[in-house]
Amino acid sequence: MKAITLIGSTGSIGTQTLDIVAQCPEQFRIVGLAAGSNVELLASQIRQFRPSIVAISNESKLPELKSAIKDVEPQPTLLSGEAGVIEVARYGEAQTVVTGIVGCAGLLPTIAAIEAGKDIALANKETLIAGAPVVLPLIKKHNVKLLPADSEHSAIFQCLQGIPEGGLRKIILTASGGAFRDWDVKKLAEVTVADALKHPNWSMGRKITVDSATLMNKGLEVIEAHFLFGLDYDDIEIVIHPQSIIHSLIELQDTSVLAQLGWADMRLPLLYALSYPERIYTDWERLDLVKAGSLTFREPDHQKYPCMNLAYNVGKAGGSMPAVLNAANEQAVALFLEEKIHFLDIPRCIEIVCDRHSQQNNSNPNLEDILAADKWARQEVIEAANNLQNAPKVVSIR
């Protein structure tokens, strides 16, 4: 029975991971949980899974959590704040740590888990996008596994099983196209927050759903795929696949193409990351190709999705640029969700900040450099957003 610690237990990744653990009690058990501020859900998870150690990131919520589980026996060790989350991540009994925190907040707990010798089920893109210069050497030093737990990179990883070294030629990442895949680009000026959160295929958190609408999620996945699988950026492609049945593909040196297929269900890549290299039987709905029907593909619209090209350019620049891109995107999406900027301002703000950083890009950043770049980029986005909002509006007279 594998001991699991879950960082981000009350989010979308966290709840689906716990669903797997509940369905596979002979294979997995939870020893540690960390969450943000949802006391009610975290308390319910503690009652069901009885972890040994728990952290709540929002320190002000700790008294409420203590009260909510006061009758639970045995009592878990309760911690709070960023330091508490890091302590849970390195907790000694766990074999695998699932990193389900969205954003750069997941970087420090992931590093702590690696340094403690834990295998990582990686559901946090930013760990590699922002932190690859630090994280990858640590993975090698501590001889731990880094297993992708998102659908696209899991698909690639699954297809690569049994492929000889040097056999991989190209990676093809599939994208749903997000909420606006069927919108005319001219209509994007009318986008509301509610519109951006209507993902056609997947049930995800608010931030990643907006990233899907801008296609920044796919741009970030290109950078992550580069670090995970070692291919050059010119050998990583994006294709729009509206049905989200094929989760990604690989092309081999002889032009043979392999794909991983399944219904749009995040539990499948999460299960494989937890059980690798084993395959565990489930009673989940099996893929029926006749029911799935036609599978279609098209090239992404570069005018509609400027974030995609931004990500490619930043990835090729390397150094501290990906950390800046990631932080700028997080901050811009947060401002959009707060209705402080327009949807089209997201790529504008990111591009402004990346352009500013390009002159001071650190080609070999350490952890302090990455965290400093992250902090700087967030402040720069706020300034860029204020400038955009205060800029005089241009009136077109026909």
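**View 1. Residues at the contact of helices H10 and H11.** Ile-208, Asp-211, Ser-212 and Thr-214 of helix H10 meet Met-216, Asn-217 and Leu-220 of helix H11 in this predicted model. By class, the residues of this contact divide into three nonpolar, three polar and one charged. Helix H10, residues 206-214, packs against H11 at an angle of about 90 degrees, and the two axes lie 5 Å apart, which makes H10 roughly perpendicular to H11.

**View 2. Helix H11 across the sheet strands.** Helix H11, which spans residues 216-229, lies across strands S8 (168-175) and S9, and its direction is at about 155 degrees to that of S8.

**View 3. The open sheet of four strands.** The strands are arranged in the order S9-S8-S10-S11, with mixed pairing, and together form an open sheet. Strand S9 (236-240) and strand S11 (257-261) stand at the edges and have a single partner strand each, so one side of each is left without a neighbour in the sheet. On average, and with direction ignored, neighbouring strands of this sheet are turned by 20 degrees against each other.

**View 4. The pairing of strands S10 and S11.** Strand S10, residues 246-252, pairs with S11 in the antiparallel sense over five bridges. Ser-248 has Gln-260 in S11 as its bridge partner.

**View 5. The second largest pocket.** The space in the second largest pocket amounts to about 340 Å³, and the pocket is lined by 13 residues, with Leu-268, Trp-284, Glu-285, Arg-286 and Leu-287 lying nearest its centre. Seven nonpolar, two polar and four charged residues make up the lining of this second largest pocket.

Methods: Residues numbered from 1 in each chain as written. Predicted model: local features only at pLDDT ≥ 70, side-chain atom pairs only at ≥ 80, totals over all residues. Heavy atoms only, no water. Pairing = 2+ DSSP bridges. Helix = DSSP H or I, 4+ residues; strand = E, 2+ residues; numbered from the N terminus. Axes fitted to C-alpha atoms, helices over the stretch in contact; angles between N-to-C directions. Contact = heavy atoms within 4.5 Å. 1 Å grid on protein atoms, 1.4 Å probe; cavity = no way out; pocket = protein on both sides within 12 Å on 5 of 7 lines; lining within 4 Å. Points joined across faces, edges and corners; volume = space filled by probe spheres on them. Nonpolar A, V, L, I, M, F, W, Y, C, P; charged D, E, K, R; others polar. Parallel < 35°, antiparallel > 145°, perpendicular 65-115°, else oblique.
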